[in-house]
Amino acid sequence: MARGWESKAVADQIEEGESRQAASREPETSSEERQLKERRDSLLLSKSRLLQQLERATNPAYRNVLLNGLKSVEKELEDIGPQEGTKDR
């Protein structure tokens, strides 16, 4: 029984090593691409937060502020463009 566990652990180690090698072969992204991805992620997080706040907001003035912020975030996301590797909807 111990032998079965041991071979499973060895197989896991081999698989982990292969996945690390595959990851290291992927082309590195430039600092500009990383910054763009970080900005897009930040904007998507802001959009999510604004939508959650809009669901709970009851004050009309505050809702307008949130809507203006949401429009601004969506405009900036549109200016950045779609994320690489994804299809534009």
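Contact here means heavy atoms within 4.5 Å.

The chain averages a pLDDT of 82. Of the residues, 74% score at least 70. Helix H1, residues 2–25, has the lowest mean pLDDT, at 68. H3 has the highest, at 95. Where pLDDT is low, the predicted coordinates should not be read in detail.

Now the overall layout. There are 3 helices and 0 strands. Along the sequence, the pattern reads α-α-α. The chain has 89 residues, and buried ones make up 11% of them. Take contacts between residues at least 6 apart in sequence. Of these, 56% join residues at least 24 apart.

On to the pair itself. H2 covers residues 31–56, and H3 covers residues 60–80. How do they pack? The angle is about 155°, and the axes lie 9 Å apart. The cut-off for roughly antiparallel is over 145 degrees, so H2 is roughly antiparallel to H3. The crossing of H2 past H3 is left-handed.

Which residues meet? From H2 we have Leu-36, Arg-39, Arg-40, Leu-43, Leu-44, Ser-46, Lys-47, Leu-50, Leu-51, Gln-53 and Leu-54. Facing them in H3 are Tyr-62, Arg-63, Leu-66, Leu-67, Gly-69, Leu-70, Val-73, Glu-74, Glu-76, Leu-77 and Ile-80. By class, that contact holds 13 nonpolar, 3 polar and 6 charged residues.

Two positions to look at on the screen. Start with Leu-44, in helix H2. Leu-44 and Glu-74 sit 30 residues apart in sequence. In space, C-alpha to C-alpha, they are 8.7 Å apart.

Next, Ser-72, in helix H3. Ser-72 has a relative accessible area of 44%, so this residue is partly exposed too. How far is Ser-72 from Lys-47? In sequence, the separation is 25 residues. Between their C-alpha atoms, the distance is 9.5 Å.

To wrap up: H2 and H3 pack roughly antiparallel, with a left-handed crossing. H3 has the highest mean pLDDT of the elements, and H1 the lowest.

Notes. Residues are numbered from 1 along each chain as its sequence is written. This is a predicted model: local features need pLDDT of at least 70, side-chain atom pairs count only at pLDDT 80 or more; totals for chains, interfaces and linings use all residues. Side-chain values use heavy atoms; hydrogens and water are left out. Axes are lines fitted to C-alpha atoms, for helices over the stretch in contact, and angles run from 0 to 180 degrees between N-to-C directions. Helices (H or I, at least four residues) and strands (E, at least two) are DSSP runs, numbered from the N terminus. Angles under 35 degrees count as roughly parallel, over 145 as roughly antiparallel, 65 to 115 as roughly perpendicular and the rest as oblique. A crossing is left-handed if the near helix is turned anticlockwise from the far one by less than a right angle, and right-handed if clockwise. Ala, Val, Leu, Ile, Met, Phe, Trp, Tyr, Cys and Pro count as nonpolar, Asp, Glu, Lys and Arg as charged, and the others, Gly among them, as polar. pLDDT is the predictor's confidence in each residue, from 0 to 100. Buried means under 20% relative accessible area, exposed over 50%, partly exposed in between (1.4 Å probe, protein chains only).
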